[in-house]
Amino acid sequence: MSRTTATRSDRSRRRAERRAGADYTGGVYGSMLASSVVIGAGSLGRFPRAELVVLLLLTGVAFWIAHVHAQLFGARLAQQAPDRRLVLQVCRDEWPIVKAAVPPAVAVAVSPLLGLDVQGALWLALCVAVVGQIGWSVAAARRAGATPRLMAVTASVNLFLGLLIIAFKIVLKH
């Protein structure tokens, strides 16, 4: 086997190991965060859709940075000094927080194509975030080796939490 083939094989193996060990709970958190951003974004200004897309993405990035910082300089600092490898690993591990903000942002961006007004775009983004929250929770449970029953329980709990967030939106009436 050539050196290049061995290097590619090693990279593929490392990627597969990272995927197998991935923790998607950040995606659940990021989806709930996106829902909260949508609820708080009642009146945004002259370009509410563009502002909401940017707000969703930047909030995801800001919380991702906060989580990376907390992981690196919280519990991990006591165990080992951060090096480049550890920093990159933590950045990858917390990336689902940002990934969870993308579908609601895309929903807002495409809402004019669906004929939705601003309120319709907010509702679409909120629903997409809740569906994402449920999906991330099931993926996290599955990755952890949960039984189908436990995956159904986590989906139900996250559906309840999502509906609670939707109830907050209804009560706040932006």
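Q: How do you know that the span of helix α7 agrees with its number of residues?
A: Helix α7 covers residues 118–143, which is 26 residues, and at 1.5 Å a residue it should span 38 Å. In this predicted model, its end C-alpha atoms are 37 Å apart, so the two values agree.

Q: What makes Asp-117 a cap for the N-terminal end of α7?
A: A side-chain oxygen of Asp-117 lies 3.3 Å from the backbone nitrogen of Gln-119. Since a polar contact needs N or O atoms within 3.5 Å, this pair qualifies. As for what comes after the helix, α7 is followed by Gly-145, with a positive phi near 85°.

Q: Why is Cys-91 called buried?
A: Its relative accessibility is 19%, and buried means under 20%, so Cys-91 counts as buried.

Q: Why is Cys-127 called partly exposed?
A: Cys-127 has a relative accessible area of 38%. That value falls between the 20% and 50% cut-offs, so the label is partly exposed.

Q: How many disulfides does the structure hold?
A: The structure holds 0 disulfides.

Q: What makes Asn-158 count as buried?
A: Asn-158, in helix α8 (residues 148–172), has 7% relative accessibility, which is under 20%, so Asn-158 counts as buried.

Q: Which residues is Asn-158 in contact with, leaving aside its neighbours within four places in sequence?
A: They are Val-28, Gln-133, Ile-134 and Ser-137. With Ser-137, the side chain of Asn-158 also makes a polar contact of 3.3 Å.

Note on methods: Residues are numbered from 1 along each chain as its sequence is written. This is a predicted model: local features need pLDDT of at least 70, side-chain atom pairs count only at pLDDT 80 or more; totals for chains, interfaces and linings use all residues. Side-chain values use heavy atoms; hydrogens and water are left out. Helices (H or I, at least four residues) and strands (E, at least two) are DSSP runs, numbered from the N terminus. The expected span of a helix is 1.5 Å times one less than its number of residues. A polar contact is a pair of N or O atoms within 3.5 Å; within protein, one must be able to donate a hydrogen and the other to accept it, and residues adjacent in sequence count only if both atoms are side-chain atoms. A disulfide is a pair of cysteine sulfur atoms within 2.5 Å. Buried means under 20% relative accessible area, exposed over 50%, partly exposed in between (1.4 Å probe, protein chains only). Contact means heavy atoms within 4.5 Å.
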